[in-house]
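Reader: I would like to learn how to read a few features of a protein model. Please take them one at a time.

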Amino acid sequence: MARVLIKTAVGEPRACELNLGVNHFGRHPDCDFTIEHPTVSTAHCEMVLTAEGVLLRDCGSTNGTFINGEPVKEAMLQAGQTVRLGDVELLVETTEVIIAIPEYERPRPAPPVVLDDGSMLCPRHPEAVATHQCTFCREILCDACVRRLRRKGGRTLKLCPLCSQRCEVIGGEQPKKKTFMGMLNKTIKLPFLRRRKNDD
């Protein structure tokens, strides 16, 4: 993270690691980095740490804010530059910004229990038999785990509760059984359709 060294006439230089956002420098105890020196104003300046770097802004100080001896009201800082607040010098060590996004691991359920007949129990509902598997994360799911999205005029989508990808029935979709009435209906319709075409 971006860091500056505060150098005064007495004592060792003090390292200050900047926080994301606005960092206030001055003599007032409420400042993020208090500098107790008579030439430093109560609220002297601020350093704004963003993803683009460090912006130095003078806060209307009495003795001014300088970068490498040049007075500034607002300027982007570079590593190696010297910032002077009154008679106090600040060495800019680094202007690097490290924004780390913590990794989040979703707790995974225990592997499914395989029964003697080859069927599996759902890891989330031990009393239920697993009926579906996610096509993406390969998670085993029972019917209660599967999220259903009903589309108007279309098929119902079966989705995984973990990754929201498509689920499929373990062993594939079973073909619909042919009923006697269905076969009879199809058999009766065909001759009538042929006869109607011949009549035309």
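Reader: Which residues form a nonpolar patch on the surface?

Author: This is a predicted model, where local features need pLDDT of at least 70, side-chain atom pairs count only at pLDDT 80 or more, and totals for chains, interfaces and linings use all residues. Residues are numbered from 1 along each chain as its sequence is written, and side-chain values use heavy atoms, without hydrogens and water. The patch consists of Val113, Leu115 and Val129, with about 220 Å² of accessible area together.

Reader: How many aromatic pairs does the structure hold?

Author: Rings of Phe, Tyr and Trp (its six-membered ring) pair if their centres lie within 6.5 Å; planes under 30 degrees apart are stacked, over 60 edge-to-face, the rest tilted. The structure holds one such pair. The ring centres of phenylalanine 25 and phenylalanine 33 are 5.0 Å apart and the planes are at 25°, so the pair is stacked. Both phenylalanine 25 and phenylalanine 33 are buried.

Reader: Which residue lies over the face of phenylalanine 66?

Author: A charge sits over a ring if NZ of Lys or CZ of Arg is within 6 Å of the ring centre and within 35 degrees of the ring normal. Here arginine 84 lies over the face of phenylalanine 66, at 4.3 Å from the ring centre.

Key:
Buried means under 20% relative accessible area, exposed over 50%, partly exposed in between (1.4 Å probe, protein chains only). Patches are made of residues with over 30% relative accessible area and no salt bridge: like charges are joined within 9 Å, nonpolar side chains (Val, Leu, Ile, Met, Phe, Trp, Tyr) within 5 Å. Accessible areas come from the Shrake-Rupley method with a 1.4 Å probe; for residues, only the protein chains shown count as cover. A salt bridge is a side-chain nitrogen of Lys or Arg within 4 Å of a carboxyl oxygen of Asp or Glu.
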